[in-house]
Amino acid sequence: MTLAAPQTHAPVLPPRDVFERARHENFPVAIRLLPAAVREQLMAVYGFARLADDLGDEYAGDRLAALDWLEGELRRALDGGAAAGEASAGRAGAVHPVAARLARVIATTDVTAAPFLDLIEANRMDQRVRRYADWDDLLGYCRLSANPVGRAVLALAGAATPERMAWSDQVCTGLQVVEHLQDVGEDARAGRVYLPADDLARFGVGDADLTARSATPGLRAAVAYELARARELLGAGAPLVRSLRGWARVAVAGYVAGGLAAADAIAAAGYDTLAHRARPAPARVARHAAALLAARPSPRRPPSRRPEDGADGGAEGAGGLDLEAAYRACAAITRREAKNFAYGIALLRPPERAAMNVVYALARRIDDIVDEPGEPAAKLAELAALRRRVEATVATGTAAEPSDPILVGLAGVLARYPLPLDALGDLFDGCRCDVEADARTAHAHAAHAGAPADGVSTNGASDAGAPALVPRFATFDELVVYCRQVAGSIGRLSLAIFGAARPAEAAPLADDLGVALQLTNVLRDVLEDRDALGRVYLPAADLARFGCAPDASGPRDRLAALVTFEAERARQWYDRGLRLLPHLDHRSRACVGAMAGIYRGLLDAIERDPAAVLRGRVSLPTARKLTVALGSLVPRRGEGG
């Protein structure tokens with residue numbers, strides 16, 4: 001759109017056009033559910049912000065002069081030059097109708113002119129500053145370009161306390177960053193780069209990458225990194241929703257939900273906002289809004305105080321989902337995804353069952369980041385962002401993202417059970433190593449992409465010149481270290497929930513049992529890991545010992561012999577790990593017994609037919625799993641109950 005020259009006797013942009021743009025934003029500015037008077041006031045705030053942005057972004061003439069004109073219009077309106085706001089914009093002496101409309105709001109509410117003068121200053125800054133050196137520099141810009149709108153909305157609601165304004169600033173900055181990520185290409189073509197320069201350098205992103213037809217792996221990684229920061233801001237500011245009532249609660253929930261849905265759209269586009277228009281789906285906005293509104297409003301208290309945590313460690317203080325709703329969501333993940341563990345978890349008492357569902361759901365989310373398709377750099381950024389949110393939840397006892405059921409559930413679990421923090425760190429470290437190994441494999445294959453395709457490799461690659469897959473671990477001891485990180489850690493987390501009379505003795509046994517379960521997974525998934533994920537977990541020394549290729553291919557009888565050998569090793573780890581059972585109470589013992597029993601049943605099936613894992617995934621019938629689970633409830637001779 002080409003804007004007309006700013007003059008005192010004519011509008012720069014027809015007000016109807018300004019307000020029409022509301023429906024194209026990430027958040028619903030004039031939500032239909034709000035009272036008509038409130039909608040009118042919100043649109044006045046929005047219209048002025050939109051006009052300032054249009055002058056700063058699209059005006060064809062002297063933009064600084066145009067912004068000076070807009071500031072003058074606002075000041076004239078506030079001084080009464082608008083003739084009560086009813087004068088026609090085309091009549092000499094009348095101010096622009098957008099400024100007049102805002103002046104009426106300022107005159108009749110707690111809103112002041114300060115936020116709008118900051119918005120004008122942000123647009124002046126856009127004329128002078130084209131890049132931001134680092135994250136702190138960008139935050140300084142957002143304090144002028146985004147945060148004033150949230151503060152104006154709070155003032156409009158009569159709810160502008162210091163605490164709420166701090167939350168609002170986090171939400172508004174998060175929304176601004178998400179919008180920058182949506183518009184990377186558009187901004188770059190306009191000569192502006194809002195991604196911090198130091199982060200672009202870290203991911204190897206050059207100027208040409210910002211205006212290409214599609215994003216490079218480096219740019220996708222940079223977008224994922226900044227998106228994680230934006231999500232953290234939105235999550236940190238989400239308690240604002242819970243602190244409000246009435247129309248303000250609904251409106252702010254819509255704003256936060258719009259930002260979260262836009263973030264989801266960016267992630268769904270593979271962080272490539274050059275090739276894809278990553279705009280929030282209305283259904284996604286509605287789901288996020290419903291989750292934010294599901295939390296009960298805070299009891300009335302002096303609003304400058306920090307909201308007190310609920311008795312269940314974050315159920316109330318999380319500011320998003322109710323703790324019970326979070327537990328239900330984690331339980332649904334467990335039922336859907338934990339085809340083997342769910343049988344054991346179902347045998348626990350309700351509090352321990354809820355806590356185990358949270359631990360499983362967190363582990364599942366980490367695994368999904370690692371195993372789903374995507375660039376390793378983007379996965380590492382997403383994994384690091386999730387780790388920061390988990391660590392923040394641990395540090396504060398409150399969910400770092402109050403709309404995230406796993407983090408809300410984790411806050412509740414931490415309040416009740418002494419989860420070992422080193423185990424959480426081990427889980428992330430092990431999964432990060434998986435992604436780093438994927439990155440090395442991808443780099444090796446990319447380096448050989450030009451080799452002649454004169455054959456077919458044993459792992460299904462169509463390029464015989466490309467390097468074959470190589471084992472992740474040289475020795476069995478290295479594999480055990482990995483198993484301790486990704487599975488022994490779960491054993492130690494579980495033990496903290498179960499409790500034990502002698503925890504110092506029980507913890508190593510829980511760790512050993514985790515190793516046994518993970519070794520069973522490695523054997524069960526040999527084919528899937530190799531052909532679908534490009535991973536070989538069997539140790540290089542053992543592959544060589546049995547005459548198999550490094551990519552876990554070779555004569556079927558040799559591979560079957562290797563599987564039998566590794567299965568016997570896994571059985572020894574079960575023998576050690578199951579010494580944990582006498583340390584547990586009856587229900588916890590039944591849970592662990594059921595899980596271990598189902599996995600030992602898998603191992604039995606593999607040992608009976610080791611070549612089966614070379615044909616597909618081995619599994620147990622549902623009836624067999626139920627039998628094992630129910631049998632674990634029967635006390636063994638000599639066991640207490």
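This is a predicted model: local features need pLDDT of at least 70, side-chain atom pairs count only at pLDDT 80 or more; totals for chains, interfaces and linings use all residues.
Leaving aside residues up to four places away in sequence, Tyr 574 touches Leu 513, Ala 516, Leu 517, Thr 520, Ala 596, Tyr 599, Arg 600 and Leu 603, where contact means heavy atoms within 4.5 Å.

A nonpolar core is a set of buried Ala, Val, Leu, Ile, Met, Phe, Trp, Tyr and Cys residues joined through side-chain atoms within 4.5 Å; buried means under 20% relative accessible area, exposed over 50%, and partly exposed in between (1.4 Å probe, protein chains only).

Turn now to Cys 431 and Cys 433. Cys 431 is buried, at 3% relative accessible area, whereas Cys 433 is partly exposed, at 33%. The closest cysteine sulfur to that of Cys 431 lies in Cys 433, 9.2 Å away, and is therefore too far for a bond. A disulfide is a pair of cysteine sulfur atoms within 2.5 Å, and the count by this rule is zero.

Finally, colour the model by pLDDT, the predictor's confidence in each residue, from 0 to 100. The protein averages 82, and 83% of the residues score at least 70. Over residues 298-319, the pLDDT is below 50.

Residues are numbered from 1 along each chain as its sequence is written. Local features need pLDDT of at least 70, side-chain atom pairs count only at pLDDT 80 or more, totals for chains, interfaces and linings use all residues, and side-chain values use heavy atoms, without hydrogens and water.
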